[in-house]
Amino acid sequence: MVAAVKVEFHFDFGSPNAYLAELALPEIEKRTGVKFNYVPVLLGGVYKATGNMSPADSLRGIKNKPEYNALETTRFLRRHNITKFTPNPFFPVNTLSLMRGVVAAEFEGLFESYFRAAYHHMWGEPKKMDDPQVFREAFLSSGLDIDRIIARAQQDDVKKKLIENTTRAVERGSFGSPTFFVGDEIYFGKDSLRDVEEEILAQLASARRKTA
């Protein structure tokens with residue numbers, strides 16, 4: 001029954017809101033019994049394809065809205081008991097190497113350890129992760145065979161997969177990160193998580209009725 005509902009989390013390590021949203025996913029998985037499929041996309045590519053831009057750019061010079069965004073983030077942290085979050089002082093960070101790296105890590109069976117380390121070094125103990133030396137030393141400190149992953153990330157199949165993920169996400173309606181798909185239903189932003197969970201439950205109920 002659970003397999004009848006496909007749920008996707010489209011992420012880029014450069015999005016603080018994707019980081020925060022992901023921390024809330026385990027509780028949704030526990031309540032619904034449905035596992036999220038993690039799909040890496042290149043946010044810069046999504047922005048270019050859709051004419052969108054980073055909030056760091058879109059909010060610049062707007063009175064009150066950045067302050068409200070900060071307030072909303074504080075509320076989210078409190079609601080989900082999140083304590084491991086530090087704004088990255090180097091934001092925005094070019095995430096091309098990070099995102100190729102996570103695709104390479106997935107191909108090499110190292111997705112989970114790479115994923116956790118990348119988020120730790122972006123938003124737990126933030127660093128300038130688009131600096132190659134900082135990038136390498138950060139992952140080495142987390143115990144990863146990062147040289148293996150760096151080499152794998154240069155292969156054409158890794159680059160192609162990231163491009164395909166990004167292109168497909170845009171074709172399905174994505175314009176930023178985090179984006180969620182519950183079946184074909186799209187939801188954007190960490191504040192849509194309640195709606196995402198409701199849709200998962202609705203689709204599960206529908207699947208049960210069809211097999212009853």
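These are my notebook entries on a predicted model.

**Ground rules**

I worked with a predicted model in which local features need pLDDT of at least 70 and side-chain atom pairs count only at pLDDT 80 or more, while totals for chains, interfaces and linings use all residues. I number residues from 1 along each chain as its sequence is written, and my side-chain values use heavy atoms, with hydrogens and water left out.

**Entry: salt bridges**

I started with charged pairs. I took a salt bridge to be a side-chain nitrogen of Lys or Arg within 4 Å of a carboxyl oxygen of Asp or Glu. My search of the whole structure found 14 salt bridges.

I looked at Glu 197 and Arg 31, whose side chains meet in a salt bridge at 2.7 Å, N to O. Glu 197 lies in helix α10 (residues 193–211) and Arg 31 in helix α1 (residues 16–32), so this pair ties together parts that are 166 residues apart in sequence. For the element names, I note that helices (H or I, at least four residues) and strands (E, at least two) are DSSP runs, numbered from the N terminus.

Are these two partners buried or exposed? I call a residue buried under 20% relative accessible area, exposed over 50%, and partly exposed in between (1.4 Å probe, protein chains only). The areas themselves come from the Shrake-Rupley method with a 1.4 Å probe, and for residues only the protein chains shown count as cover. Glu 197 counts as buried because its relative accessible area is 14%, whereas Arg 31 counts as exposed because it reaches 52%.

Next I checked Lys 190 and Glu 72, which form a salt bridge of 2.9 Å, N to O. Lys 190 sits in the loop between β4 (185–188) and α10, and Glu 72 in helix α4, so the pair links parts that are 118 residues apart in sequence. Lys 190 is buried, at 5% relative accessibility, and Glu 72 is buried too, at 13%.

Arg 152 is in helix α8 (residues 146–153) and Glu 108 in the loop between α5 and α6, so parts 44 residues apart in sequence are tied together. Salt bridges with shared partners join Glu 108, Arg 148, Arg 152 and Asp 157 into one network. Within it, Arg 152 is buried, at 18% relative accessible area, while Glu 108 is partly exposed, at 27%.

**Entry: a positive patch**

Which residues gather in a patch of positive charge on the surface? I found Arg 75, Arg 78, Arg 79 and Arg 194 there. Patches are made of residues with over 30% relative accessible area and no salt bridge, like charges being joined within 9 Å. Lys and Arg count as positive, and the place of an Arg charge is taken as its CZ. Helix α4 (residues 65–79) gives the largest share of the patch, three residues. I looked up Arg 79, which is found in helix α4, and it counts as partly exposed because its relative accessibility is 42%.

**Entry: two buried side chains**

I turned to His 121, placed in helix α6 (residues 111–124). His 121 is buried, at 2% relative accessibility. Its side chain makes a polar contact of 2.8 Å with that of Ser 142; by this I mean a pair of N or O atoms within 3.5 Å, where within protein one must be able to donate a hydrogen and the other to accept it, and residues adjacent in sequence count only if both atoms are side-chain atoms.

Met 99 is in helix α5 (residues 96–107), and it is buried, with a relative accessible area of 0%.

**Entry: backbone details**

Where are the cis peptide bonds I noted? One runs from Phe 91 to Pro 92, with omega near 0 degrees, and Pro 92 is in the loop between α4 and α5. Another joins Ser 177 and Pro 178, with omega about 10 degrees; Pro 178 is in the loop between α9 (156–171) and β3 (179–182).

Asn 64 has a phi of about 80 degrees and is found in the loop between α3 (55–58) and α4. Asn 81 has a phi of about 55 degrees; Asn 81 belongs to the loop between α4 and α5 and is exposed, at 65% relative accessible area.

Methods: Patch = residues over 30% accessible without salt bridge, like charges linked within 9 Å, V, L, I, M, F, W, Y side chains within 5 Å.
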